[in-house]
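Subject: Structure handover

Hello,

Here is the structure you asked to take over. Please open it alongside this email, and then read the notes below.

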Amino acid sequence: MRQHATPAFALSVLLVGTAHAGQPATPAAMTAYAEQLLDAQKLKRDGPGVTVLVARGDQLLYKGARGMASIELGVPLQPDQLMRIGSVTKQFAAAALLKQIDEGKAKLDDPLSKFLPDYPNGSQITLLQLLNHTSGVKSYTGIPGYMGNPVRRDLSTAELIKEFKDLPADFPPGEKWAYNNSGYVLLGAVVEAISGRSWHQSIDELLLKSAQITSVHYQAGDRLFKGMAQGYTLNAQREVAPAGFLSMTQPHAAGALIGNTEGLWRWNQALHGGKLISKASYERMTTPEGPAKPSHYGFGITTATLRGQPMLMHGGGIHGFVSTLNYLPQSQTTIVILRNSDGPGFSMDLVARKLAAFAVGEPFAEPKAVAVAAEQLKSAEGVFVREDKQTRMLRVKDGVLHSQRSGGGSTALIALGNDRFALPDSLTELQIERGADGKAVAARVFNNGESADVERWARSGELPSEIAFMALTPAQMQALVGDYSSPQFAVKVFIDDQGRLQGQAPGQPAFELKASTPRRVHVPQVDAQLDFGAEEGQAASVTLIQGGNKLVMPRK
């Protein structure tokens, strides 16, 4: 039996766990909940792990750790273990430059050429554009192949800038927003030019010493740091392995600091408590503007919403480590999570948001699946299009509605009733919007469970037929084996020890390739295809097809 259409204005009230003000968490309740969340993540006690801290103002609500600091030596993680914080470094670098601006040594609209006279087009790039990723300079970490051997070299600031300074800009300064590590290397160079000291010494002198923070450091390659955890990744066989090597001179002011949860808590208190930079500078730092506004990016800080409250945050990912640092100004709540693995297996943002919501007394309810009639699920199927032309397919498989975005894998949704569905391991919910005839006309997506962050995906047509996969003979697989590369991307195709055809991009786990024809294979996890052409024999090239884009890669 078909449900009647639900008015659009009523959809937001159907969200699971709609926010209701509650009592802020006590340390005992926070500890019990945090331990429960970590249990649900199923972290192995003998594998890489996490350190977690939750605080409200000066009150510590929870501090804990799971997993190993050194798997090889059998050393468990402790809550105060040091880890690389990656791009969380950016807010330290941004604050250092803002401190110099407060001291009258620079202005946001100063051109880069004032401090780096030899930088190409530096007269058109402002310090503001470096801070909020609108400079358009080429990000060195996106140069094809750079994150392999080139990133292992020790480089001075000038040598690192030389790696990208003469490359074509991605867009004219100030025209667009694009996350950019080169911009923060240049920002670090400006800090050095003003202070006469290295960027990290300047952070120490301008910020950390005055805030009495002693557990945030630059990871110099010739120093030992007591309590530094080992970093891990996954190898091609999806086994835990040592993190890939890089010289910590290269993340520079974009990502080369290390710290622990306590140090980052104290940093939040000092920065957001008005102890480091002027009120005017802080407001600019935390207020996205111009082309950065749609991306909610300030200066080293992203703005977001949690349970209707503003949240200031930044994450970091670097060889062997992942981090997140969140702050809710209304309640002065800090959430820190540091992880010593860059592989999959831990839902960092999900856990951080759940911890924050619980801390402020407005926890998210856990989704509870309900039975939904097969006809009701079937009538929700179709292709849906967002305003930016991204597509999402909803398809019933084995009695469960699945969602698959263009360029992504298929995800089984949790039916909540009333045409609502939850994405697993996420706070995001999807609501089917139906017309007067009961047919689906759109899907509304509530990101992170926030009624203020809604996307409408209009139904654009029927589903395409599902792909029928086939088994390839050993000779057919062998004809596809090889290393294929272009300036933009590379992929290795090989047969594993179980006789399966596999594909692997540099620095990523291998995926099994499913064949629809002897010359076309698919990566269902990321909705991508590899087309090896119609000619017989050893393939000379492969075309990657994903999200409507095509990329030809010749065989080496």
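Leaving aside its neighbours within four places in sequence, which residues is Phe-92 in contact with? The list is Ile-85, Ile-203, Leu-207, Leu-208, Val-216, Leu-257, Leu-264 and Trp-267. Before going further, please note that this is a predicted model.

**The cores**

The largest nonpolar core has 76 residues. Phe-92 and Trp-267 have the most contacts inside it.

**Helix α2 and its two partners**

Two helix pairs involve α2. One general point comes before them. Two packed helices are described by the angle between their axes and the distance between the axes.

Take α2 with α6. Their axes are 9 Å apart, and the angle is about 70°. An angle of 65 to 115 degrees counts as roughly perpendicular, so α2 and α6 are roughly perpendicular to each other. The crossing of α2 past α6 is left-handed. On the α2 side, the residues are Thr-89, Phe-92, Ala-93, Ala-95, Ala-96, Lys-99 and Gln-100. They meet Trp-199, Ile-203, Leu-206, Leu-207 and Leu-208 in α6. By class, this contact of α2 with α6 has nine nonpolar residues, two polar and one charged.

Now α2 with α5. Helix α2 covers residues 89-102, and helix α5 covers residues 181-195. Their axes come within 10 Å and cross at roughly 40°. α2 passes α5 in a left-handed crossing too. From α2, the contact uses Lys-90, Ala-93, Ala-94, Leu-97 and Gln-100. From α5, it uses Asn-181, Tyr-184, Leu-187, Val-190, Val-191, Ile-194 and Ser-195. The residues of the contact of α2 with α5 divide into eight nonpolar, three polar and one charged.

**Helices α1 and α10**

How do α1 and α10 run relative to each other, roughly parallel or roughly antiparallel? Helix α1 spans residues 27-40 and helix α10 spans residues 348-359. Their axes come within 10 Å and cross at roughly 160°. Angles over 145 degrees count as roughly antiparallel, so α1 and α10 are roughly antiparallel to each other. α1 passes α10 in a right-handed crossing. Ala-29, Met-30, Tyr-33, Ala-34 and Leu-37 make the contact from α1. Val-351, Lys-354, Leu-355, Phe-358 and Ala-359 make it from α10. The classes here are nine nonpolar, no polar and one charged.

**Two residues with positive phi**

Asn-121 has phi near 60°, a positive value in a residue other than glycine. Asn-121 sits in the loop between α2 and α3. Its relative accessibility is 44%, so Asn-121 counts as partly exposed.

Gln-212 has phi near 55°, again positive in a residue other than glycine. Gln-212 is in the loop between α6 and β6. Is Gln-212 buried or exposed? Exposed means over 50%, and Gln-212 has a relative accessible area of 70%, so Gln-212 is exposed.

Glu-163 lies in the loop between α4 and α5. At 27% relative accessibility, Glu-163 is partly exposed. Not counting residues up to four places away in sequence, Glu-163 touches Ile-143, Tyr-146, Arg-153 and Leu-155. Glu-163 and Tyr-146 are 17 residues apart along the chain, and their C-alpha atoms are separated by 9.7 Å.

Ser-156 is in the loop between α3 and α4. Ser-156 counts as partly exposed, at 35% relative accessibility. From Ser-156 to Gly-315 is 159 residues in sequence and 26 Å in space, C-alpha to C-alpha.

Lys-397 belongs to strand β15, residues 391-397. Lys-397 is partly exposed, with a relative accessible area of 26%. Leaving aside neighbours within four places in sequence, Lys-397 is in contact with His-402, Ser-410 and Glu-466. Gln-546 is 149 residues from Lys-397 in sequence and 22 Å away in space, C-alpha to C-alpha.

Best wishes

Technical notes. Residues are numbered from 1 along each chain as its sequence is written. This is a predicted model: local features need pLDDT of at least 70, side-chain atom pairs count only at pLDDT 80 or more; totals for chains, interfaces and linings use all residues. Side-chain values use heavy atoms; hydrogens and water are left out. A nonpolar core is a set of buried Ala, Val, Leu, Ile, Met, Phe, Trp, Tyr and Cys residues joined through side-chain atoms within 4.5 Å. Buried means under 20% relative accessible area, exposed over 50%, partly exposed in between (1.4 Å probe, protein chains only). Contact means heavy atoms within 4.5 Å. Axes are lines fitted to C-alpha atoms, for helices over the stretch in contact, and angles run from 0 to 180 degrees between N-to-C directions. Helices (H or I, at least four residues) and strands (E, at least two) are DSSP runs, numbered from the N terminus. Angles under 35 degrees count as roughly parallel, over 145 as roughly antiparallel, 65 to 115 as roughly perpendicular and the rest as oblique. A crossing is left-handed if the near helix is turned anticlockwise from the far one by less than a right angle, and right-handed if clockwise. Ala, Val, Leu, Ile, Met, Phe, Trp, Tyr, Cys and Pro count as nonpolar, Asp, Glu, Lys and Arg as charged, and the others, Gly among them, as polar.
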